[in-house]
Amino acid sequence: MLPRSAREQLLGQRGLMVWFTGLSGSGKSTIALGVERELHSRGILCRILDGDNIRAGINAGLGFSAEDRRENIRRIAEVGKLFVDTGVVTLAAFVSPTNEYRQMARDIIGADDFFEIFVSTPLEECERRDVKGLYARARRGEVKDFTGISAPFEVPEHPALTIDTSRQPLEVSVRQVVELIEAAMPHVKT
Ligand code: ADP
């Protein structure tokens, strides 16, 4: 099999994982979409992994118990590792609520390729947005083990970047993440 470096050379870019962590509705997917669009327009191949393409597919059948959440993250990290090894800038947008899960993802992917971004938007703001109506349902007790309401979220210890979307516009967040990726990939075209 060809080495990773051959694929990266072919693409003219480096594979890496940008791992967004934060509460539901904090803005992970929205920022990832903006970053994807920006990098794509600069000729960088990206791939977003999020609930829509992972929980609905490869992880259909996994729930939100501690055990299933762990397995969810493990599979995402293994799939992500394949993308990174293909030379793709991979953007994962999952709540990933504990240090243990995030450390597992970092270990699977490799620390050198793993950039953790904490989307730190406060619970009150996420709940006010209530994009999917899940907070209201969780408050009514209709959704079990909902992160921030009835399941814990551990603040990351050493994120590469912390973004509070209640305090800055989307464009600023996108720019900050793109700059982080640029710094890790000096030959990104600007
Ligand atoms: P998550 O992926 O973390 O669950 P989403 O990105 O799906 O969160 O939802 C975040 C919501 O917050 C979206 O509806 C988005 O339009 C809204 N929003 C409001 N202000 C911002 C901002 N400054 N940055 C990102 N998202 C924002």
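A: Thr-21 sits in strand β1, where helices (H or I, at least four residues) and strands (E, at least two) are DSSP runs numbered from the N terminus. The model is a predicted one, in which local features need pLDDT of at least 70 and side-chain atom pairs count only at pLDDT 80 or more, while totals for chains, interfaces and linings use all residues. Residues are numbered from 1 along each chain as its sequence is written, and side-chain values use heavy atoms, with hydrogens and water left out.

Thr-21 counts as buried because its relative accessibility is 0%; buried means under 20% relative accessible area, exposed over 50%, and partly exposed in between, with a 1.4 Å probe and protein chains only. A polar atom of the Thr-21 side chain lies 2.9 Å from the backbone oxygen of Val-95, and a polar atom of that side chain lies 3.1 Å from the backbone oxygen of Ser-96. Not counting residues up to four places away in sequence, the residues that Thr-21 touches (heavy atoms within 4.5 Å) include Lys-28, Phe-94, Arg-102, Glu-116, Ile-117, Phe-153 and Pro-156.

Two of these neighbours lead further. Lys-28 is, with Gly-25, Gly-27, Ser-29 and Thr-30, among those that come nearest of the 14 residues around the ligand, a residue being near a molecule if one of its heavy atoms lies within 4 Å of it. The largest share of that shell, three residues, comes from α2. Backbone N or O atoms of Leu-23 and Gly-27 lie 3.5 Å and 3.0 Å, respectively, from an oxygen atom of the ligand, and a polar backbone atom of Ser-29 is 2.9 Å from a ligand oxygen. Of the 570 Å² of accessible area that the ligand has on its own, the protein covers 73%.

Ile-117, in turn, belongs to the largest nonpolar core, of 24 residues, where Ile-117, Phe-20, Val-35, Val-89, Leu-91, Val-177 and Ile-181 touch the most other members; such a core is a set of buried Ala, Val, Leu, Ile, Met, Phe, Trp, Tyr and Cys residues joined through side-chain atoms within 4.5 Å. Among the elements giving two or more residues to this core are β1 (16-21), α2 (28-41) and β4 (114-119), while α8 gives the most, with six residues.

Notes. A polar contact is a pair of N or O atoms within 3.5 Å; within protein, one must be able to donate a hydrogen and the other to accept it, and residues adjacent in sequence count only if both atoms are side-chain atoms. Accessible areas come from the Shrake-Rupley method with a 1.4 Å probe; for residues, only the protein chains shown count as cover.
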